[in-house]
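Hello,

Here is the structure I promised to pass on to you. Please open it alongside this note, and my notes on it follow below.

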Amino acid sequence: MVCIPPFCYVFSLPKSVGILSPLLCLLCYPSVLLLSPYPTGDIQGETLVDIGSGPTLYQVLSGCEVFSHVVLTDFLDVNRQELRRWLAGEEGDFDWAPYLQHVCQLEGRSPSAWREKAARLRSVVSDVLPIDVHQASPLAEGTLPPSGADCLVSSFCLESVSPDLPCFTQALRHIGSLLRPGGCLLLIGALGETYYMGGPGVRIPVVPLDETQVCASLRASGYLLIQLCVYRLPADMKVGVDDVTGIFYAKVKKVAG
Ligand SMILES: C[S@@+](CC[C@H](N)C(=O)[O-])C[C@H]1O[C@@H](n2cnc3c(N)ncnc32)[C@H](O)[C@@H]1O
């Protein structure tokens, strides 16, 4: 993990990843740290919005303990349906139990608390909404409190849905309109990625970013950088479904005004 002072703190990966894929482990761990109310206590409030959730839940497994109102969003109805199925307690395409157990452990709880975490998540998710980050107002009007969300989280969305860097920067500005001044955005994304395979034969183009571009785009879109961590993927973690070279984790605040 490369840390860029003074914004970044050091963290090492948990030694045992058990049955979890190392990549999902990588995703969960920083999310827990970035969302932790300790030691800074700077992430708080009622409403957390996940931008471009896809069919996945790992990005809100810790945030659901901090916020009482969580909104999931995606452009595609098929992804929103998969999320709704899990929220309704129906059999989904994916078993989230090992991930719930893993995040419980990262939070210092027993893995056996995973059912409580699942129940907590189901109880705080209030909506699964359509979103388009290329619109100046990405969500339908009136879906969030008038002051905006207290916190946004977004993982691997903006760079994979933007045709180029200006469009990525503009999407950052658009989602900022959903956040209250002073609220936090936790942005997780791919570095150096030009494509990923969305399914057999479905090659999805991605804007290849480096950390300097990420920081410049965040600044240009009205955010103040608090922390940035970069993880360079070792060769044995490259699984052949993309050409990603690293992952960035940014914690930023929306500048007031
Ligand atoms: C690479 S996936 C990331 C999903 C999830 N956040 C994760 O970490 O696995 C990108 C997601 O962006 C969604 N998406 C596509 N176009 C979008 C748009 N214009 N606005 C918001 N989300 C979009 C896709 O449906 C997809 O679920």
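**Leucine 48 and its surroundings**

Leucine 48 counts as buried, because it has 28 C-beta neighbours inside 10 Å. Here, buried means that 20 or more other C-beta atoms lie within 10 Å of a residue's own, exposed means 12 or fewer, and partly exposed is in between, with C-beta atoms placed from the backbone. Before going further, please note that this is a predicted model: local features need pLDDT of at least 70, side-chain atom pairs count only at pLDDT 80 or more, and totals for chains, interfaces and linings use all residues. Residues are numbered from 1 along each chain as its sequence is written.

Leucine 48 lies in strand β2 (residues 47-51). Helices (H or I, at least four residues) and strands (E, at least two) are DSSP runs, numbered from the N terminus. Setting aside residues up to four places away in sequence, leucine 48 touches Val60, Gly63, Phe67, Val70, Ala149, Asp150, Cys151 and Val153; such a contact means C-beta atoms, placed from the backbone, within 7 Å.

**The chain and its core**

The protein chain has eight helices and ten strands, and 40% of its 257 residues count as buried. Among contacts between residues at least 6 apart in sequence, 70% join residues at least 24 apart.

The largest nonpolar core has 62 residues, and Val70 and Leu152 have the most contacts inside it. A nonpolar core is a set of buried Ala, Val, Leu, Ile, Met, Phe, Trp, Tyr and Cys residues joined through C-beta atoms within 7 Å. Strand β6 (residues 179-191) gives the largest share of this core, eight residues. Beyond its neighbours within four places in sequence, valine 70 is in contact with Leu48, Val60, Gly63, Cys64, Val124, Val125 and Ser126.

**Around the ligand**

Which residues come nearest to the ligand? Of the 18 around it, they are Gly52, Gly54, Phe75, Ser155 and Val161, where "around" means a C-beta atom, placed from the backbone, within 6 Å. The shell has seven nonpolar, nine polar and two charged residues. Ala, Val, Leu, Ile, Met, Phe, Trp, Tyr, Cys and Pro count as nonpolar, Asp, Glu, Lys and Arg as charged, and the others, Gly among them, as polar.

Phenylalanine 156 is in the loop between β5 and α6 (158-161). Its phi is near 55 degrees, a positive value in a residue other than glycine. Phenylalanine 156 counts as buried because it has 22 C-beta neighbours inside 10 Å.

Proline 138 sits in the loop between β4 (125-130) and β5 (149-155).

Is tryptophan 96 buried or partly exposed? Tryptophan 96 is partly exposed, because 18 other C-beta atoms lie within 10 Å. Its place is in the loop between α3 (77-87) and α4, and it touches Leu57 and Trp86, not counting residues up to four places away in sequence.

**Where two helices meet**

Ala97, Leu100, Gln101, Val103 and Cys104 in α4 meet Trp114, Lys117 and Ala118 in α5. By class, this contact has six nonpolar, one polar and one charged residues.

Happy to go through any of this with you.

Best wishes
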